[in-house]
Amino acid sequence: MTKILLLSDTHSYIDNAILKYVKQADEVWHAGDIGDLKVTDAIKKLKPLRAVFGNIDHAKARTEFPEHNRFMCEGVDVWITHIGGYPNAYNVRVRDAIKQNPPKLFICGHSHILKVMPDKKLGLLHMNPGAAGKHGFHKTRTMLRFTIDGEKIDNLELIEFSKQNQY
């Protein structure tokens, strides 16, 4: 069993509250808009990291992380990208590829809107962890954590932080 912490849209923000959850995970996945690489450097000091760059990320982040990260975690085919859309409204960047070869778990960020939903047509689970950083219109900072055990995605938990109380 692998314990995953999923976050996105940190926009250069990392704090001890986030790092507390990083320490509890086996792996951390970041769905883009990292901002300053101090965020990913802090995570990598503690746990293995899989990440993608987002639309605000500069050349250094784009050199270190891919736009799309597709991999196997235990028995689950995972695809992480920053701008991906959601079931019935996938972004043009991924629409054809996701229909031709759907993963079991499709993860994106960008919207700052937490969303977990199945795509029954493609037989996949879509996750967007919302935004863990402070930059943006969201009122609550969010992350997700869950487990992967063989082919099973389970124990999904929402982690929320008040945006106003974290300055």
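**View 1. Lysine 115 sits over a tyrosine ring in this predicted model.** Here lysine 115 lies over the face of tyrosine 86, at 3.6 Å from the ring centre. Another view of this kind is arginine 50, which lies over the face of phenylalanine 71 at 3.9 Å from the ring centre.

**View 2. Phenylalanine 71 is also part of a ring cluster.** Ring pairs link Phe71 with Trp29 and Phe146. In total, the structure holds five aromatic pairs.

**View 3. Tryptophan 79 and phenylalanine 106 make an edge-to-face pair.** Why edge-to-face? Their planes stand at 80°, with the ring centres 5.4 Å apart, so the pair gets that label. Tryptophan 79 comes from strand E5 (residues 76-81) and phenylalanine 106 from strand E8 (residues 105-107), 27 residues apart. Tryptophan 79 is buried at 6% relative accessibility, and phenylalanine 106 is buried at 0%.

**View 4. Five strands line up in an open sheet.** The order is E3-E2-E1-E11-E12, and the pairing is mixed. Strand E3 (49-51) and strand E12 (152-162) are the edges, each pairing on one side only. From one strand to the next, the twist averages 20°. Strands E11 (residues 140-149) and E12 run antiparallel, joined by nine bridges. Threonine 140 stands opposite serine 162 in E12.

How values were computed: Residues numbered from 1 in each chain as written. Predicted model: local features only at pLDDT ≥ 70, side-chain atom pairs only at ≥ 80, totals over all residues. Heavy atoms only, no water. Pairing = 2+ DSSP bridges. Helix = DSSP H or I, 4+ residues; strand = E, 2+ residues; numbered from the N terminus. Axes fitted to C-alpha atoms, helices over the stretch in contact; angles between N-to-C directions. Phe/Tyr/Trp six-rings, centres within 6.5 Å; stacked < 30°, edge-to-face > 60°. Buried < 20%, exposed > 50% of the residue type's maximum accessible area, 1.4 Å probe, protein only. Lys NZ or Arg CZ within 6 Å of the ring centre and 35° of its normal.
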